[in-house]
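Dear colleague,

I am passing on a structure that may be new to you, and I would be glad if you could look it over. My notes on what was found follow directly after it.

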Amino acid sequence: MKALPVLSLLLCVCSVFFVGIYLFVGGFLLVRLEVNRTSTCGDVLQPGGGEPSAAAAADFCRARPRFRRAVLLVVDALRIDFARFDARNAAPRPHENKLPVLQEAAAARPAHGRLFPFRADPPTTTMQRIKGFTTGSLPTFVDVGNNFASSAILEDNLIHQFGQAGKRVVFMGDDTWESLFPKKFHRSLPFPSFNVKDLHTVDNGILQHLYTTMMGGDWDVLVAHFLGVDHCGHRFGPDHPAMADKLTQMDGVIRAVIDRLQNDTLLVVMGDHGMTDTGDHGGESHKETDAALFLYSPAPLFPGPPSQSEPDVVPQTDLVPSLALLLGVPIPYSSVGQVLLPLFPPHGQTDGAVGGLSQLEALWINAKQVNRFLETYSGMAKDIPPENLSQLKDEFSRLSSEYLATVGEGRPPSPELAASLQAYLTSVRDTCRATWARFNPLKMAAGLVILAFACLTCFILSELSLTLIREDGRGLKGPVVTALAAAVCVAAGQLLTQGYVEVAWCLAAAALSSELLFLWTAYRSRVTAVSKNGSKALKFASWLTPRQLLTPPLLVPLLRCASLLSDSYVIAEGRVVTFLLFSLALYIPFHLNWDGLLLPPSHDPLKSAGLLPSPHLSPSTVRKESGTLLGCVGLLIGSLYLSLSFHGCREEQGACQPSPFLSPLSRLQDSQLKNLHYVLSVFSLGVWTYLLRRCLRHYGNLNSSGGAVFVARWILPLLSVCLGLHWAVSATPEDSFRNLAELISLAQLSLPRAAFCLLGLGLFLIWLDPLTVFIKTRAAASARNSALPPPRYRASTGISPQAELHHLIPQIYQRMRRSLDDGGSSGELSGAGEVDSRPAVEAYGLGTVYSAPLLLFCGLLGIGLLLLHPEGMALSFLLLLLEMGALLHIHASSTTLKGLHGTYSGGFKVPWAPIVMWALAATQFFHATGHLPTFPSIQWGAAFVGFPDGHTGTILPASLVTLNTFASHILFAVACPLLLLWPLVCEVRGSRGGGGRAACGDEGEDAVMEMRLRENPQLFSSALLQLSTRYLFIHGAQVFASVSAAAILRRHLMVWKVFAPKLMFEASGFLVSSVSLLIGVTLVLRVDVAVGRWFKRIIPDVAR
């Protein structure tokens, strides 16, 4: 088998797809331009004038601040309904009515405290929210990727301004602040934040220093970021007794802080974001964006009790200018927030607030600061629409004239002026929010073109696979050399013109030039591939005709790709893909029946009379295969229906209820329900292990003593036992078995790590020694015949060195042995006497020599991936295994029926229908394992399986989360070569032009099964290459459709909520699928090398 051409061609195809994705994402998901300028107390904002005193030319810091100190208590994930108190609620849920201090303080002293809903801008992840309420700017979509790799904030921010003003900032809590503001704190007490299972370390660490710090005098601004509520949500959800305990603890903390406040200190209690009903966040549902904001001071803070004019919701960006003006520091340069007016007295009522600003004065400073930023940014970025920019400038000019005239004439300002200033500030923020997706159209276009040509190249490569394999991949040399030359030329040109090299454009030139050369060569040559039996392949022009492309198996993915332009389709993708897979499953038997292949042919008198050749066609065999096919279709439909019970819910789906199996056992309060879920999970895991071992034993693959068989016999069941014990330990409540707490903690650490070690050892042994073939001489077999039962399957017997040397097909091996056993003439085959003098060999499991290690590899990998999922997903994984088996048997039975009726085309070509179904199944089980193409649905808990104390880096947790998210893509891609192998495993006599009895598990000696692949290594290699490129084409077309949807709808209302996340997940899924497919193909090639060496060992004088 020609391994190098297959791997080289697949790597090249994957590479051009990767380059196209990289270019488009680089142009689509750019971080907005940051204005690296800083506000200072000496800044004079334009237009000048209007100040009460001529000496007060500067706008910032010109008045004595209302507060000298501030305490910022950030309660991570403090949703607004967590902070409210309803006395009429007689049966509050665990997250309700646990923070009464906020409403009590606001009701008892309305001029001193107020509670507001505090709305965050998505993405609602901690790092982006800290950026938002310290800089006053709006984060872009791509920032979500930096949530666990925080980098220092370079934009002007409140922490920097406090330091510039000489204020001593003391921080304690979430260590994210330390990475965002390095060396900015007077004193810092950071605690690790990534371990979401740890509810107490950060909070208890803060409480050890919070009160003593407040009572001391070595601070001006105190920031304490509590994480217990957020981690409790991630681990248990909001409706868990642990959440009630955490909120009650926070209530006590706030009470203690209020008691220690002085009159010159402002208290700010806020949540950075909310959480969903499952405890997650990151998206833009109201439960994720609506946090709580509580403002309090022992001195009067508000001019009066709450009024109708107060805002219903406070955007997080508005906190920045409000705190800056209250504490007497400049508003950060890039802030687009507007001051919270209830914090400032109305015009003419500033006597009670010493040195304070009135509402109109605060709005005027705020408007001038925002206008300055707008002018600076528009001069640098040029991405704000000119008409919007002109309209905003005209509005500010009008408001400036009106304000200056009002102040200059000394008359009281009209209420409309303040409202107009607020409207102007809102308009600027809305304009920035709409335009701060700073696209690079040139990179996006280049990425689209490369991806389009990559799909076309992949399709043509699948049709030219046999020709390219026969050329030993020589057709690849030209495109590779051209790609390197193009990249070098572009790099040299950039060095000469710009003085630096931009790698993205070098990669673009390389990918595009290689694609164009390959397509041009294929078009010009109009290759006609001639197979070994003399039949001619289709010409190049016929591959792209509508008749070839609009067949149902290709029409289904084509329609799916087109529908990715619809946000409603993306939202309901899980059910739609299930329907498409269901439809294709029904199409196969209907299509076979339409062609007259599903049932035995009717009696033909001409054939009975001998006037027509009568093929070897047994009606019972046809009926058996048809029954198998229809039974597997029923199993597939049942699995699809049951898998819908494991889907998650998007916020757009309204009344949808997520599957209860998505919750870890530790979250369940009902002990009976918890026990039922555990029993179902362990039962599913046991059935998974049993089916794998049963299949391997059925085909005689558990008789040898090799590494792969050792894995199947020992490591596979041990891994299952480790997983079951890990589930039991993880479900144990913390407050139970207190005497065994240390042992339970040790088990939570050691069991998953032991499972990881077993998984790694098993996969390594399969790779090292993949053969599952047991051999013995006939003499040895006869001696042990009475002791050992006959095997279920014998691939071939009586293999002679001369037969192997002359590349005789397995049927000739058997004919030769029969002729020798029957005492046939020696003239029938030269050297027969010499052959008969050699000991014959019996081989068990040789017919499944390729599929057995691949099946075992996927089964072992599936258990490892299940370890990273909630326990309830074990039943979903079992359905995945059943669906895989059903798809394989449907394909095998369909191929067999075509062969029995004489319509089989020959070779090992896999049709489009099973490949499309396989690719759809990967997407379908992405949803059936509880995943969604949204960031809040990411199961972050996978990062802590085996690492309950967290990680020191980000590579390992990111890898674990990736394996969890794309588990279905990994399993289906690694197992993809089974589509080529399984029809051979289940071949039936006469289905491929040979003789013999049924070979799908029978003991017939005529069964050759996967040994047929060694008859023609070129056909084997080309079929494997064709299967792989077709599978890549399906996934690549989906990526291209997602990219096109994001590009076309980049100004759509739902682009950042639906289309951009879908693009990111589709692109990531393609990357993972490509790597996994290469692993599966490489394993098959590894087995082929091992089979060749095996033949050389048993036949020493053969040199194949």
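Which residue in S4 is the bridge partner of Met172? The partner is Leu189. Please keep in mind that this is a predicted model, in which local features need pLDDT of at least 70 and side-chain atom pairs count only at pLDDT 80 or more, while totals for chains, interfaces and linings use all residues. Residues are numbered from 1 along each chain as its sequence is written, and side-chain values use heavy atoms, with hydrogens and water left out.

Strands here are DSSP runs of E with at least two residues, and helices are runs of H or I with at least four, both numbered from the N terminus; two strands pair if DSSP finds at least two bridges between them. Strand S3 (residues 169-174) pairs in the parallel sense with S4 (residues 187-191) over five bridges, and also in the parallel sense with S5 (residues 221-226) over five bridges, where Gly173 stands opposite His225. Six of the six residues of S3 are buried, meaning under 20% relative accessible area with a 1.4 Å probe and protein chains only.

Eight strands form an open sheet of mixed pairing, in the order S4-S3-S5-S1-S6-S7-S2-S8. S4 and S8 (314-315) stand at its edges with a single partner strand each, so one side of each is left without a neighbour in the sheet.

Elsewhere in the sheet, S2 (residues 113-119) and S7 (residues 290-296) run antiparallel and are joined by seven bridges, with Gly113 opposite Tyr296.

With kind regards

How values were computed
Buried means under 20% relative accessible area, exposed over 50%, partly exposed in between (1.4 Å probe, protein chains only).
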